Amino acid sequence: MAGAEGARNSAAGWRNPLRDKRDKRLPRIAGPCGVVIFGVTGDLARRKLMPAIYDLANRGLLPPTFALVGFARRDWADEDFADVVYQAVKQHARTPFRQVVWDRLAAGFRFVTGSFDDDAAFARLAETLEQLDSERGTGGNHAFYLSIPPAAFPVVCEKLHASGLARPREGRWSRVVIEKPFGHDLSSAVELNNVLNSVFPEESVFRIDHYLGKETVQNILALRFANQLFDPIWNAHYVDHVQITMAEDIGLGGRAGYYDGIGAARDVIQNHLLQLLALTAMEEPVSFSPAELQTEKIKVLSATRLAQPLDETTSRGQYAGGWQGGERVVGLLEEDGFAEDSRTETFAAITLEVDTRRWAGVPFYLRSGKRLGRRVTEIALVFKRAPHLPFDATMTDELGKNALVIRVQPDEGITLRFGSKVPGHLMEVRDVNMDFSYGSAFSEDSPEAYERLILDVLLGEPSLFPVNAEVELSWEILDPVLENWAEHGRPEPYQAGTWGPPSSFEMLTRSGREWRRP
């Protein structure tokens with residue numbers, strides 16, 4: 001398959017046509033290809049990327065001749081690199097270790113020593129990939145994974161261009177994969193996009209947002225568009241407001257180098273939470289093709305506005321010391337690497353409005369924070385109250401608003417909260433939950449997000465990857481908040497283990513609403 005037939009099959013992932021006729025649910029398998037990881041010595045590569053590649057191979061979703069090339073400054077031989085991958089797989093892989101799978105995969109491991117600005121190193125990389133094309137039949141198809149700081153993107157892209165690696169011959173492909181942050185603000189995002197697109201066409205750029213690879217996030221589309229049950233009430237006639245929460249119970253010890261000066265809004269809201277908003281609020285696409293999905297997300301983001309005034313509709317905070325999980329923890333300003341006058345926020349909340357016919361008048365509340373009450377990510381549609389005409393106040397005084405909650409992590413699933421009569425001779429209505437859990441409904445474990453996303457890169461399937469317009473629109477939404485905060489003092493402190501600063505609760509109480517306590 002390394003010849004012309006292999007190249008044709010590799011364009012969209014190889015399929016057995018006879019088997020496809022029998023069962024359309026069969027997974028797509030990547031065609032001949034290889035992956036080059038820059039920053040292969042980093043934590044992301046060790047904990048996520050290498051194990052995901054092994055898990056894909058273990059599930060039979062990579063070609064037998066797949067190649068993995070590491071690029072870093074370490075003076076390693078191919079065998080040293082293989083040992084690093086082995087340790088990462090044994091420690092972090094999701095699927096069981098199988099020697100036969102490992103032996104086949106490890107035969108395609110190579111390592112290239114060099115720095116990002118080293119012309120000779122990129123010449124060696126080009127030679128290595130050419131040898132793999134010949135020896136392993138990788139077909140000239142290569143994905144370059146930039147697991148490196150964003151400041152290094154331009155120089156690596158320049159070297160890939162100069163060495164000819166970014167310009168595939170006809171019938172072959174070259175793709176680049178980058179991790180967030182996609183810029184620091186709108187102007188830097190535009191500059192980054194220009195750098196990437198000067199070397200790779202936009203259809204060859206894959207921006208990883210690992211949240212979009214989670215099964216529960218993809219299930220938003222199934223929940224909305226495969227079930228007539230929810231579509232009639234998925235609008236402003238019935239929905240009072242939407243809350244999108246990403247909370248973590250950990251602090252930032254040891255991560256000052258990355259997080260200081262970034263903060264919760266840039267780190268999470270600009271990408272993860274605005275993408276979740278887009279999937280929740282978008283209209284039904286004509287199909288699930290990448291172009292149609294991206295079109296609908298872009299429409300939603302184009303219609304999204306910040307609620308005003310920002311002093312009342314946004315909140316930022318910084319965790320202080322306190323007790324969490326029975327353990328005394330320090331505040332951000334006592335963490336190693338953070339200055340005593342750091343203004344980096346560890347909690348951010350904003351209020352958005354989506355100016356479409358479906359959502360006019362429905363506020364979307366987005367929040368994210370560190371050292372909060374527990375680790376949870378969820379999307380909650382909170383519905384308007386029923387008029388309760390047949391009931392008097394005492395019958396429904398313990399009844400809250402109906403809610404549909406999509407649990408992204410942990411305990412992935414969906415909860416529907418509604419009112420039910422309490423057993424007994426009195427008419428008393430109280431909230432109850434109807435619960436769907438992935439763990440109990442399906443026997444197969446969900447793949448890790450990076451498994452799905454890496455496979456989609458190799459298949460050339462961009463549905464789950466934000467494009468230029470999505471990134472730039474997200475920054476257009478967030479930039480005024482960041483500018484407003486920059487004009488004010490330090491973030492408001494909140495005690496570790498709580499659910500954020502007082503101003504975040506005041507955001508909602510002004511309109512008679514309150515945050516959910518997950």
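Predicted model: local features only at pLDDT ≥ 70, side-chain atom pairs only at ≥ 80, totals over all residues.
Me: Let's start with strand S14, residues 376-383. Is S14 largely enclosed or open, and why?
Reply: Strand S14 is largely enclosed by the rest of the structure, because 8 of its 8 residues are buried.

Me: Which residues point which way from S14?
Reply: Val376, Glu378, Ala380 and Val382 point one way, while Thr377, Ile379, Leu381 and Phe383 point the other way, and all of them are buried.

Me: And which strands pair with S14?
Reply: Strand S7, residues 239-247, runs antiparallel to S14 and is joined to it by 8 bridges, and strand S15, residues 403-409, also pairs with S14 in the antiparallel sense, over 6 bridges.

Me: Going on from S15, what does S16 pair with?
Reply: Strand S16, residues 413-421, pairs with S15 in the antiparallel sense over 5 bridges, and 9 bridges join S16 to strand S17, residues 429-437, again with the two strands running antiparallel. To place these pairings on the model, you can look for Ala403 opposite Arg417 in S16, and for Lys421 opposite Val429 in S17.

Me: How many residues sit between the strands in the hairpin of S15 and S16?
Reply: That hairpin has 3 residues between the strands, and Asp411 takes a positive phi near 50 degrees there. Asp411 is not a glycine, and with a relative accessibility of 48% it counts as partly exposed.

Me: Which other non-glycine residue has a positive phi, and where is it?
Reply: Arg371 has a positive phi of about 55 degrees although it is not a glycine, and it lies in the loop between strand S13, residues 363-369, and S14.

Me: Why does Arg371 count as buried?
Reply: Arg371 has a relative accessibility of 15%, and the cut-off for buried is under 20% relative accessible area, so Arg371 counts as buried.

Me: New topic, where are cis peptide bonds found?
Reply: The peptide bond from Lys180 to Pro181 is cis, with omega near 5 degrees, and Pro181 is found in the loop between strand S5, residues 174-179, and helix H8, residues 186-199. A cis peptide bond also joins Gln308 and Pro309, with omega about -10 degrees, and Pro309 has its place in the loop between strand S8, residues 304-306, and helix H13, residues 310-313.

Me: What about helix H9, how many of its residues are buried?
Reply: Helix H9, residues 215-225, is mostly covered, with 9 of its 11 residues buried; among them are Val217, Ile220, Leu221, Leu223 and Phe225, as well as Gln218, Asn219 and Arg224.

How values were computed
Residues numbered from 1 in each chain as written. Heavy atoms only, no water. Buried < 20%, exposed > 50% of the residue type's maximum accessible area, 1.4 Å probe, protein only. Helix = DSSP H or I, 4+ residues; strand = E, 2+ residues; numbered from the N terminus. Pairing = 2+ DSSP bridges.
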